[in-house]
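Reader: Could you walk me through how to read a few features of this model?
Author: Gladly; let us look at it together.

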Amino acid sequence: MGESRLRRVGALLRLSGALLSQRLRYTATRRTLLAVLGIALAVGLFITVSGVSVALATQGSVVSSDVDYWITPESASSSTLPVSVDGAQFGAVHNVSERLTERDDIAYASPVAANVLKVTHANASEYVVLIGVIAHPDLRVAGVSATNLTPGDPYYAAGSYRGPWTGEIVLSTGASRLLNANVSDRLRPNTPQAASQNRSFTVTSISNGGESGVGSVPIGIVHLGELQSLTDATESDTADQILVATNDMAVRGDLEQTYPNSNVVARSDSGLSTLTESKLALALAAGGFLVSLVIGVLFVATTLGLEIQTDRRLWATLTAIGFATSSRALIILFQTLLLGVAGGIAGLLLGRGGVWAANQALQSIVAETTVAVYPPQFTVYGFLVAISIALLTTPYLVWLTARGETLTVLRS
Amino acid sequence: MNESPDGSIVASCDGVTRTYTRSQSRSYWRSLFGSHETPPTVTALNEIDLTIQAGELVGIKGPSGSGKSTLLHLLAGLETPSSGTVTIAGRSTDTLSRGERTRLRLDSIGIVFQRFHLLSALPAQSNVAVPLVEEGVKKSTRRKRAQRLLERVGLGDRLDHTPGMLSGGEQQRVAIARALVTDPDLVIADEPTGELDTETGQQITALFEEICADGTAVVLASHDTATLSVADRIVELRDGVRIDG
């Protein structure tokens with residue numbers, strides 16, 4: 001009995017394939033391709049939106065759990081707290097940090113600038129969040145330790161940017177895995193400045209960290225001056241925030257005076273803030289997922305619904321010769337799943353294109369930076385969206401086939 | 001009840017009446033707005049008694065609108081009677097769910113349509129084997145059985161031809177082979193020669209005779225007296241009533 005049922009399912013699968021192939025080749029090429037396109041657009045949209053949201057979250061995850069306070073520009077709301085690619089930045093950050101570090105009640109202060117850059121190792125290029133800091137043995141950013149960087153920021157050299165180029169980089173395990181890079185390996189950032197100055201980084205250590213609410217984030221910690229020189233941020237000596245390590249609660253008031261229009265957030269707020277960050281990213285991703293799903297389902301339901309109407313004689317014939325509703329449902333399910341897989345593959349390509357286009361568009365307008373990323377998990381998520389669209393559309397299509405009056409159709 | 005030749009009863013109608021409600025949608029809106037008029041009904045079949053024996057070829061004759069197709073659809077379990085009982089393979093169709101009637105069709109009834117209704121994507125052999133897919137029969141068995149039947153209807157050399165590559169007569173032969181592939185007790189054919197020329201129509205009619213000779217009952221509705229000439233007996237309908245006595 002079980003074997004016969006399996007055989008039936010297998011045969012129905014082959015029948016679905018034959019019917020779909022016929023439709024694709026002869027009877028409804030355009031409509032079938034439109035259905036695939038609908039799924040592809042939905043998946044592509046999902047990946048692009050999620051790519052941007054993950055990039056935001058990635059930048060948002062650049063928080064330090066070992067720093068008591070951080071100062072952020074006021075325009076960066078608490079929900080986009082640490083870094084915003086195109087948001088407001090602080091200027092003259094080295095001087096300010098130096099001034100703060102000189103205080104007795106402050107252990108150290110470091111500006112933080114984050115840029116998502118393409119980094120090449122061997123022949124592989126991947127996007128990595130490069131975080132520039134004034135190194136300190138106790139400093140950890142996004143869980144990644146800066147211990148193995150030469151303390152301070154030698155290349156900055158009192159604002160001349162002519163100090164020794166250390167080329168040191170500490171990679172998070174995620175970045176190390178992504179780039180397949182180990183200690184002592186040489187990495188080349190893909191920016192025009194790096195190319196013209198022939199700059200590269202050497203991995204000094206691999207550190208745990210970079211884990212965020214959306215998975216492992218590839219992070220590389222470098223000296224701020226070196227990052228600034230690669231991203232044209234030397235002129236105003238800019239960074240996204242300033243981390244301040246202190247045990248004295250009283251410094252908060254002074255910190256608030258450091259920059260006009262700035263916020264000072266205490267570590268005690270950071271749990272909430274990180275949570276908010278991670279939730280924001282998740283909310284964006286979930287929003288993208290839902291919107292894509294709705295668009296995809298509507299698109300596929302419309303195009304395949306029309307197809308069912310056109311093929312109503314086929315469904316009426318199958319009913320008349322004894323095909324149960326479950327068998328017709330399986331045929332439709334297999335067909336929508338096949339279209340879902342095809343749409344998923346096309347959607348992944350579209351999504352990659354969308355992420356690339358978003359970055360290209362921004363890079364041509366603003367600077368050498370990245371607003372969208374494509375982590376490997378997106379391939380799985382994209383397929384999940386495509387399959388969900390197929391699964392959600394199937395009941396409606398099955399209902400359409402059952403709705404057609406067998407007799408009326410066969411007489412016509 | 002009718003006189004029967006030999007063999008067991010395959011299908012029967014006892015006092016079968018089938019009525020249809022006209023303009024159901026209008027009646028729905030009227031009822032929604034408070035009108036409780038009884039919607040007008042049309043009686044397609046009225047108090048029909050009929051018994052079909054194994055191996056019998058029963059012709060159904062009558063002008064358009066006489067109820068031929070309705071009777072065939074009742075015998076195929078595609079519809080249920082408004083009153084009376086239709087029994088197929090020992091089961092009363094009005095007590096069966098839609099799904100059970102679908103299964104009954106698969107197991108016991110073969111249907112031949114006027115317009116063939118083959119699956120254009122599939123070659124003849126696969127078209128014939130389609131009902132066996134639903135039965136969960138092994139692929140090799142499906143292919144063998146379909147091939148045997150296609151050879152029987154004279155299309156042994158057309159196994160890989162899709163419907164588009166076959167003539168009307170050949171398509172109808174494929175449809176007949178498909179109707180026979182599950183070894184049904186009853187084959188129902190609605191105007192099977194309606195789309196064919198006279199000579200091809202005669203060949204198809206002869207096929208039905210052969211089918212009956214093997215013990216399968218055939219109910220064949222047609223306008224064409226030549227097609228019906230092979231019937232063991234003819235049931236004549238007019239305005240939903242039997243007039244053949």
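Reader: In what order do the 6 strands of the open sheet in chain B lie?
Author: First, a word on the source: this is a predicted model, where local features need pLDDT of at least 70 and side-chain atom pairs count only at pLDDT 80 or more, while totals for chains, interfaces and linings use all residues. Residues are numbered from 1 along each chain as its sequence is written, with chains lettered from A and ligands numbered from 1 in the order in which they are written. Helices (H or I, at least four residues) and strands (E, at least two) are DSSP runs, numbered from the N terminus, and two strands pair if DSSP finds at least two bridges between them. Here the order in chain B is E6-E7-E8-E3-E9-E10, with mixed pairing. Strand E6 (109-112) and strand E10 (241-242) of chain B are the edge strands, each pairing on one side only.

Reader: How many bridges join E3 to E9 in chain B?
Author: Strand E3 (residues 57-61) and strand E9 (residues 233-238) of chain B run parallel, joined by 4 bridges. In E9(B), Val235(B) is the bridge partner of Ile60(B).

Reader: Which strands does helix H6 of chain B touch as it packs on the sheet?
Author: Contact means that C-beta atoms, placed from the backbone, lie within 7 Å. Helix H6 (residues 168-180) of chain B touches E6 and E7 of chain B, and its direction makes about 170 degrees with that of E6(B). For such angles, axes are lines fitted to C-alpha atoms, for helices over the stretch in contact, and angles run from 0 to 180 degrees between N-to-C directions.

Reader: At what angle do H6(B) and helix H7 of chain B pack?
Author: H6(B) and helix H7 (residues 198-213) of chain B pack at about 15 degrees, with their axes 10 Å apart. H6(B) is therefore roughly parallel to H7(B), a term for angles under 35 degrees. Among the residues that meet are Ile176(B) and Leu180(B) in H6(B), and Leu207(B) and Ile211(B) in H7(B).

Reader: Turning to chain A, is Ala113(A) buried or exposed?
Author: A residue is buried if 20 or more other C-beta atoms lie within 10 Å of its own, and exposed if 12 or fewer. Ala113(A) is buried, because 24 other C-beta atoms lie within 10 Å. Ala113(A) sits in strand E2 (residues 108-121) of chain A. Ala113(A) and Gln241(A) are 128 residues apart in sequence and 6.9 Å apart in space, C-alpha to C-alpha.

Reader: How many residues does each chain give to the contact between chain A and chain B?
Author: Chain A gives 25 residues and chain B gives 23 residues. On the side of chain A that touches chain B, the largest share, 10 residues, comes from H1(A).

Definitions and conventions. Contact = placed C-beta atoms within 7 Å. Parallel < 35°, antiparallel > 145°, perpendicular 65-115°, else oblique.
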